[in-house]
Amino acid sequence: MGLNVYLSGEIHTDWREQIIEGAQGLDVTFSAPVTDHAASDDCGVSILGSEESKFWHDRKGAQVNAIRTRKAIADADVVVVRFGEKYKQWNAAFDAGYAAALGKSLIILQQPEHDHALKEVDAAALAVARAPGEVVSILRYVLTGALPG
């Protein structure tokens with residue numbers, strides 16, 4: 001059995017690379033949003049033309065990015081959503097809700113200081129991990145039945 005895993009959320013640290021590296025040798029295919037912040041923000045206007053209003057600039061980008069995001073979440077067996085320490089990641093919360101609404105297996109990756117703010121998101125998840133290595137251990141266990149250690 002293989003897994004398609006979508007890695008959503010915070011783009012300012014190397015958590016995705018840690019999970020991908022840790023899962024070497026497992027039958028896992030990973031996908032992710034565009035993590036180049038400038039490209040993600042500007043894709044709509046770069047492709048479809050400029051906008052005078054920042055609102056419409058951002059909306060075009062969000063809609064173009066949603067094509068990738070919706071496809072990746074729909075195809076995923078497992079969706080991992082990372083909430084970072086620094087930014088309010090409303091898009092990550094949206095992805096988590098979308099994945100939950102589709103009945104996807106959801107793993108939230110967050111620090112304890114966000115437990116209260118994310119309690120509803122966490123309640124929809126099948127696991128709340130604190131570190132990328134815990135996500136890798138979950139994937140390994142699901143695929144092989146092997147416990148860490």
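This passage describes the overall fold of a predicted protein model and then its charged side chains. Residues are numbered from 1 along each chain as its sequence is written, and side-chain values use heavy atoms, with hydrogens and water left out.

The protein contains six helices and five strands. These were assigned as DSSP runs numbered from the N terminus, with helices (H or I) of at least four residues and strands (E) of at least two. Their order along the sequence is β-α-β-α-α-β-α-β-α-β-α. The radius of gyration, taken over C-alpha atoms, is 16 Å. A compact globule of 149 residues would have a value near 15 Å, so the two agree. The globule rule is 2.2 Å times the number of residues to the power 0.38. Along the principal axes, the C-alpha atoms fill a box of roughly 55 × 35 × 25 Å.

Burial was classed by relative accessible area, with a 1.4 Å probe and protein chains only: buried is under 20%, exposed is over 50%, and partly exposed lies in between. By this scheme, 38% of the 149 residues are buried. The accessible surface, from the Shrake-Rupley method with a 1.4 Å probe, is about 8600 Å². Carbon and sulfur atoms supply 55% of that surface.

The charge count takes Lys and Arg as positive and Asp and Glu as negative, leaving out His and the chain ends. There are 14 positive and 20 negative side chains. The centres of the two sets lie 4 Å apart, with each charge placed at NZ of Lys, CZ of Arg, CG of Asp or CD of Glu.

Side chains of opposite charge can pair when their charged atoms come close. A salt bridge was defined as a side-chain nitrogen of Lys or Arg within 4 Å of a carboxyl oxygen of Asp or Glu. The model has seven. One of them joins R82 to E10, with an N to O distance of 3.3 Å. This pair links distant parts of the chain, 72 residues apart. R82 belongs to strand β3, whereas E10 sits in the loop between β1 (3-9) and α1 (15-22). Both partners are buried: R82 has a relative accessibility of 7%, and E10 has 4%. R82 also bridges to E85 at 3.2 Å, N to O. E85 is partly exposed, at 43%.

D75 is partly exposed, at 40%.

R16, in helix α1, is buried but has no salt bridge. The nearest side chain of opposite charge is E10, 6.2 Å away. Beyond neighbours within four places in sequence, R16 contacts L7, S8, G9, E10, I11, A32, P33 and T35.

Y87 lies in the loop between β3 (78-82) and α4 (90-101). Y87 is partly exposed, with a relative accessible area of 41%. The C-alpha atoms of Y87 and R68 are 22 Å apart, across 19 residues of chain.

Key:
Predicted model: local features only at pLDDT ≥ 70, side-chain atom pairs only at ≥ 80, totals over all residues. Contact = heavy atoms within 4.5 Å.
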